[in-house]
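Trainee: I have just opened this entry and would like a close look at a single part of it. Could you take me through one piece slowly?

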Amino acid sequence: MSVDPNAVTQGFPSPPAHGSPHPARYLVPVFAAGLVAVGLGVYGKAHDPAGTSFNLAGFSSTGAVKSWLGTGAFAFAVVQFVTALAMYGRLPGVRSAPWMPGLHRWSGRIAFLLAVPVAVHCLYALGYQTFDTRVMWHSLLGCFFFGAFTAKMLLLRHERLPGWLLPLVGGAVFAGLAVVWVTSALWFFRTFGVTT
Amino acid sequence: MKRSGPLFTLLGGLLLALLLLTLNATTGEKTTPAGDQAPPTPNPTASPSPRPSAPPTSEAPTPTPTPTKTQAPDADYAGRTDDDSSAIAVTVRDGKAVAYFCDGRNRESWLKGDVAGDGSMKLTGKNGATLEAAPEGDKLTGTAKVDKKTFAFTADRAKKPSGLYRATQTVRGARLDGGWIVLPNGDQVGILTRDGTREPAPEIDPASGSVTGEDLTARPVTP
């Protein structure tokens, strides 16, 4: 890839198209991510858990609703992971196709929107808890997930990021959600059976 | 040009969260002022759905995630035994309950104990009296064993002035101990013990606590 250093750059007042971008541009996503994660945690800790909230028709319990929503979110997250690997050419024998970025974006959106109601219920009804290991990790990584997701979304708005950054943040988001899912929905299904 | 898609995604999630929170705040009854709440992963088996303080609304929370150590919401109950011979009132405050069983003539018992997170309770009183009960919707049902007799009962949620009242005082050398259950329909059942002798209690005015014909003041009972 050769870049003409004297080429006219349009629409990018600063920084110019060469070299590494100014680190300050990461401050906003990092700051927003921290704010979201810590804010959720503080809300979960400070807010008096209501113990209850609305339920969806057709499910036996909020636990079941949340487990299925969470499982849906995680399934779309797996799609995310696979399409990301394919787009970066890390999936042997699979090449990026033109429809992949669209699939990646939309599966991500759906996963996120499925996770939001679950998180709302968690934080509204149960709060941030640390009374056993599973619960502690779930609370911690639940907050981390939304923080990391915020960072990922805000980073996507920038162009010319270092190549490793998005996979790293995306991987953190995925890993966070995976642990959150294992400590909640998987635990629920193993404890109470796969019920609706 | 900055991409705005990701921003819309975030805003969409935020809007959804706010919408759900609003729904929760408007439809979900705040049942438990729980101190130690459950993990984000709920446990449907020990559902606190029959929480007395959650009036059954159509979209009301049925089985909700549960608390390992929730505290039962404060509540007052008053009702009669199934055989209609006696009245029972229970007051729940801060995870503790006090109950009064009274037939209005000569059988009475004060019981106390702790209330479990799901609202069930097992109370004990003098002379081996016991009371076991659990909330069912807006009612408290259970059995009481007083003077070796077992009574099944159902008590409704009681709103002031109905509920449980007690007066203990020494008046002109006589020790008086009165207990009153004011039922939701306004009926009163009470016993006044004067120096160890039980007699049907005179009426009280629940608002002021004054006891008819006695220099005595009855007060609402809390555990």
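To get my bearings, which residues of chain A does the UniProt annotation "transmembrane region" cover? After that, please stay with the last helix, α5.

Mentor: Happy to, and please keep in mind that this is a predicted model. The UniProt annotation, from an unreviewed entry, places "transmembrane region" on residues 26-44, 68-89, 110-129, 135-155 and 164-189 of chain A. Chain A itself has five helices and zero strands, so its pattern along the sequence reads α-α-α-α-α.

Now for the part you asked about. Residues 164-189 of chain A are 96% helix and 0% strand, with end C-alpha atoms 36 Å apart. Helix α5 of chain A runs over residues 165-192, which makes 28 residues. From first C-alpha to last, α5(A) reaches 39 Å, close to the 40 Å expected at 1.5 Å a residue. Even so, α5(A) has a bend of about 40 degrees at Val182(A).

In α5(A) they include Val169(A), Gly170(A), Val173(A), Phe174(A) and Gly176(A). The packing partners of the buried residues of α5(A) are α2 (62-87) and α4 (133-156) of chain A. For the chain as a whole, 41% of the 196 residues of chain A count as buried.

Methods. Residues are numbered from 1 along each chain as its sequence is written. Chains are lettered from A and ligands numbered from 1 in the order in which they are written. This is a predicted model: local features need pLDDT of at least 70, side-chain atom pairs count only at pLDDT 80 or more; totals for chains, interfaces and linings use all residues. Helices (H or I, at least four residues) and strands (E, at least two) are DSSP runs, numbered from the N terminus. A residue is buried if 20 or more other C-beta atoms lie within 10 Å of its own, exposed if 12 or fewer, and partly exposed in between; C-beta atoms are placed from the backbone. UniProt positions are given in the numbering used here, feature names are shortened, and annotations may be inferred rather than shown by experiment. The expected span of a helix is 1.5 Å times one less than its number of residues. The bend at a residue is the angle between axes fitted to the seven residues ending there and the seven starting there. Two residues are in contact if their C-beta atoms, placed from the backbone, lie within 7 Å.
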